[in-house]
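Here is my note on the model, as numbered points. Please keep the structure open while reading.

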Amino acid sequence: MANKKPVVLRPFKAPRYSFGKLRVCKRCGRFTALSEERCTGCGRAALVPVERRAASLAGRRMAASLLTVALLTLAAAYFAADTAQRALCAAAGLILLAVLFAAQRKARPAENLRALDELLGRNIGAVKEGLELNRQEAVSVLRENDTLAYEKLREIAVLLRGDRVARQRVALLHGFRLRKDMDLEMEQLLLRDFEPLLAEYIGEVARLRRDLIKDRTLRYVQRYEAQILEMKDGPAILAAVAGSAVRMKRYVLLYSSFISRYAHSLPRDRFLRLHQLISACPHESWNGLDVRTREIREAKYRWDPDFG
């Protein structure tokens, strides 16, 4: 802890949809997930959210349809044989324009989504290239400003998933002094293989923010339990994770064997929570955890009135 750096991270709110972080340059077509003012490709201040760009393209397509109908109406009126036909063509054209405009207005949300799907699908290679350039940019500022590098990687990770970015983020977080009030993440950082730095981070999060320890993290810890035990603070990490799991009955039932192995190391408040859960549901299938809990209670908390 003494070697860890105190940091203040800017607030970060993940978008509802992952593409909500993505912007595209109207000039050169480069994509980015970073909050930069100007496009790093052409230097122009022409970056717009992809949703807005798609809506603009959809609007142009709809306007082109309206213009086509208007031109056909004018052509029909121009070539009409007499005034009556000319009036009839004009009236029919105006009605058709009104109907088409109403239909377009109703279908606009669907058209915007279709245009967005086409924009991203047609430029998937450019999107990947832009995100990779974003990642390289984040890594390039690491030595000068590791906090900024982490913030950039956090933005990119909304779209650029995978172990490489997650591993870089975990490595940076390892050098930060974590606090309960920080905007911490957990499941977005889980890797496919074992990483000691990630195990340490899980242990810290389990102590600071138990609510972030969910199914995927519990499965990761179970999968690499043997490797974590070999670490210097491995038993403490596993006990902290087990203590986080006892906040929900479902987790206690699903991971009863894991919790049973570290129940003796739980802090008093977490063991009390476990004892109360089991006492309230004596007929559940606790897979031996209820027996283990009674043994620990008799050994450590026999005279504690809260365990009566």
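1. Basis and a first residue. C28 is partly exposed, because its relative accessibility is 40%. The classes are these: buried is under 20% relative accessible area, exposed is over 50%, and partly exposed lies in between, with a 1.4 Å probe and protein chains only. The model is predicted, so local features need pLDDT of at least 70 and side-chain atom pairs count only at pLDDT 80 or more, while totals for chains, interfaces and linings use all residues. Residues are numbered from 1 along each chain as its sequence is written, and side-chain values use heavy atoms, with hydrogens and water left out.

2. Cysteines. How many disulfides does the structure hold? The number is zero. A disulfide here is a pair of cysteine sulfur atoms within 2.5 Å. For C28 the closest cysteine sulfur is that of C39, at 3.5 Å, which is too far for a bond. C89 is partly exposed, because its relative accessibility is 26%.

3. Overall form. The protein chain has 13 helices and five strands. These are DSSP runs numbered from the N terminus: helices are H or I with at least four residues, strands are E with at least two. The radius of gyration of the chain is 30 Å, whereas a compact globule of 308 residues would have one near 19 Å. That radius is taken over C-alpha atoms, and the globule rule is 2.2 Å times the number of residues to the power 0.38. Along the principal axes, the C-alpha atoms fill a box of roughly 105 × 55 × 30 Å.

4. Burial and surface. Buried residues make up 42% of the 308 in the protein chain. The chain exposes about 17500 Å², and carbon and sulfur atoms supply 56% of that area. Areas come from the Shrake-Rupley method with a 1.4 Å probe; for residues, only the protein chains shown count as cover.

5. Take the contacts in the protein chain with a separation of 6 or more: 64% of them join residues 24 or more positions apart. Contact means heavy atoms within 4.5 Å. The chain carries 55 positive and 35 negative charges, and their mean positions are 5 Å apart. Lys and Arg count as positive, Asp and Glu as negative; His and the chain ends are not counted. Each charge is placed at NZ of Lys, CZ of Arg, CG of Asp or CD of Glu.

6. R135. Is this arginine, R135, buried or exposed? R135 is buried, because its relative accessibility is 10%. The residue sits in helix α3, residues 124-140. Leaving out residues up to four places away in sequence, R135 touches L153, I156, L160, R164, V165 and Q168.

7. Helix α1. This helix spans residues 50-78 and includes A75. T73 also lies in helix α1. T73 is buried, because its relative accessibility is 14%. A75 is partly exposed, because its value is 32%. Beyond its neighbours within four places in sequence, T73 contacts C89, A90 and G93. A75 and C89 are 14 residues apart along the chain, with their C-alpha atoms separated by 9.2 Å.

8. The α12–α13 loop. Which residues does W286 touch, not counting those up to four places away in sequence? They are K249, V252, L253, S256, L277, I278 and C281. W286 lies in the loop between α12 (268-280) and α13 (289-300). W286 is buried, because its relative accessibility is 2%. V252 is 34 residues from W286 in sequence and 8.0 Å away in space, C-alpha to C-alpha.

9. C281 and N287. Both belong to the loop between α12 and α13. C281 is buried, because its relative accessible area is 19%. C281 touches K249 and W286, not counting residues up to four places away in sequence. The C-alpha atoms of C281 and K249 are separated by 9.5 Å, with the two residues 32 apart along the chain. N287 has phi near 60°, a positive value in a residue other than glycine.

10. R294. This residue is found in helix α13. R294 is partly exposed, because its relative accessible area is 49%. R294 and S279 are 15 residues apart along the chain, and 9.9 Å separates their C-alpha atoms.
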